[in-house]
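Subject: Structure for your files

Hello,

Here is the structure I said I would pass on. My notes on what was found follow below.

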Amino acid sequence: MSVTLHTDPDCPDCARVRAWLVANGVEHRELSAAASPETVRLAAEAGYGQPAYPLVETDAGRIVRPSDRELALFLGRELPPVNEVDCLIIGGGPAGLTAALYLARERVSTVVLEKATPGGQVNTTSLVENYPGFPQGVDGPDLMVKLTYQARRFGAEVLFPMEVSALREAPGGGHEVSAGGRVWRAPALIAAPGSDYRRLAAPGAAELIGRGVGYCATCDAPFFRNKTVAVVGGGNSAAEESLFLLRFVKELHLFQNLPELTAQRHLADKLAADPRVHINLNSEVTAVRGDPGSGVRSVAVRDRASGQEREVAVQGVFVFIGRTPNTGWLRGYVELDKAGFVVTRPGSVETSRPGFFAAGDCRSGARAQITTAAGDGTMASFLVRELLRERES
Ligand SMILES: Cc1cc2nc3c(=O)[nH]c(=O)nc-3n(C[C@H](O)[C@H](O)[C@H](O)COP(=O)(O)OP(=O)(O)OC[C@H]3O[C@@H](n4cnc5c(N)ncnc54)[C@H](O)[C@@H]3O)c2cc1C
């Protein structure tokens, strides 16, 4: 693997990274901004216009301003067997990355352990229209790449792929997790592993996500102004999101596979009273039809009582059949609700265990939005700071 270290004569961190490469026997060449226009260009790109050094480049990609651990992971080297920091954050979605940004700016040593790619669910949406400050909307993955850089710029370490599989009390207090075959300890831990929307398994549903199939009415309803949509599900989320959709759509077909709606009575009554709503019980959506170019055209629906199948023309399909929290790894360590979401104190992100906070979609009662996840991350960062201050005094 060819390794290039891009440096600038005035960069204080460049000497550290150079020394790490030498100490770890990594053969590399060094290019300085003083002599290499390509180095100046790459550094400006990496820092979004403000040159960022040092930059390590390999055939596989680039990493800017890496910590020793980030560099080791990037170059496929071993990490120390035991790693101790002030705050561990599990999950690199908007909740975890926002907490990391706030903590790193306060010079709290912070490590984010992310099992896949930083960004979380936002990486799956191409246009976010309700994140404040972007009047034309913003590309989801792009927003998350920038947030990751922003957190790292202040010193947060974002390590991936690092799946946390086990959690226990650390010897002498605090929390200890296992990830990437290594042990991680901290007096404070923020769990921000998010949740997964239960996906509609019908053929066509996966292929047409973002092309008419959606899992969040708050996010996507304005795209369906004066159109006809299908809603799959019959619980509280399906009913609440349907009522929101009705502010935009012309007609709404709700398909519930059970013989009755399981939503609260007052929500079900409101839906039933709206002449634009067609409630279909015992009805299973068996296929979503359309193509990625022109979007959704119709859904195929099977009546579970008669077995008959029919086709209903719609331009959008909203699926609300539940969310599954990614909290299996913390079962038995903190209180979870019946569905597995982390229980927090009302109006707070504090859990049943001191020094352990839960932020974002993994939290019981979470609103499942980017802004609310970021807000939880912010709140968690304040509580972590207070905890660390108390420990110092
Ligand atoms: C298709 C789609 C479109 C959406 N559109 C919008 C929108 O337009 N506007 C809006 O406000 N919201 C939108 N949302 C909702 C929004 O994305 C979420 O509410 C938000 O991302 C939640 O943030 P989070 O940080 O709590 O969790 P997530 O974004 O889910 O991030 C959690 C992270 O934790 C990681 N993780 C999980 N388990 C572990 C583990 N054991 N170890 C290490 N890492 C772990 C995951 O890989 C993930 O990266 C959308 C969601 C989807 C699915």
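Where the ligand sits

The ligand lies between domain 2 (82-196 + 323-392) and domain 3 (213-319), because both give residues to the shell around the ligand. Please keep in mind that this is a predicted model, in which local features need pLDDT of at least 70, side-chain atom pairs count only at pLDDT 80 or more, and totals for chains, interfaces and linings use all residues. Residues are numbered from 1 along each chain as its sequence is written.

The ligand is surrounded by 36 residues, and the closest are Gly91, Gly93, Gly120, Gly194 and Gly360. A residue belongs here if its C-beta atom, placed from the backbone, lies within 6 Å of the molecule. Helix H4 (94-105) and helix H9 (370-392) are the elements that give two or more residues to this shell. Helices here are DSSP runs (H or I, at least four residues), numbered from the N terminus. By class, the shell has 18 nonpolar, 14 polar and four charged residues. In this scheme Ala, Val, Leu, Ile, Met, Phe, Trp, Tyr, Cys and Pro are nonpolar, Asp, Glu, Lys and Arg are charged, and the others, Gly among them, are polar.

Domains

The chain is divided into domain 1 (4-74), domain 2 (82-196 + 323-392) and domain 3 (213-319), with bounds from an automatic or database domain assignment. Six residues of domain 1 are in contact with four residues of domain 2, contact being C-beta atoms, placed from the backbone, within 7 Å. On the domain 1 side, the touching residues are two nonpolar, one polar and three charged.

Helix pairs

H4 packs against helix H5 (residues 140-153) at an angle of about 25°, with the axes 8 Å apart. Axes are lines fitted to C-alpha atoms over the stretch in contact, and angles run from 0 to 180 degrees between N-to-C directions. H4 is therefore roughly parallel to H5 (angles under 35 degrees count as roughly parallel, over 145 as roughly antiparallel, 65 to 115 as roughly perpendicular and the rest as oblique). Pro94, Leu97, Ala100, Leu101 and Ala104 of H4 make the contact with Leu147, Thr148, Gln150 and Ala151 of H5. Seven of the residues in this contact are nonpolar, two are polar and none is charged.

Helix H7 (residues 236-245) and helix H8 (residues 265-273) pack at about 40°, with axes 10 Å apart, which makes H7 oblique to H8. The contact of H7 with H8 has five nonpolar, two polar and two charged residues.

Regards

How values were computed:
Two residues are in contact if their C-beta atoms, placed from the backbone, lie within 7 Å.
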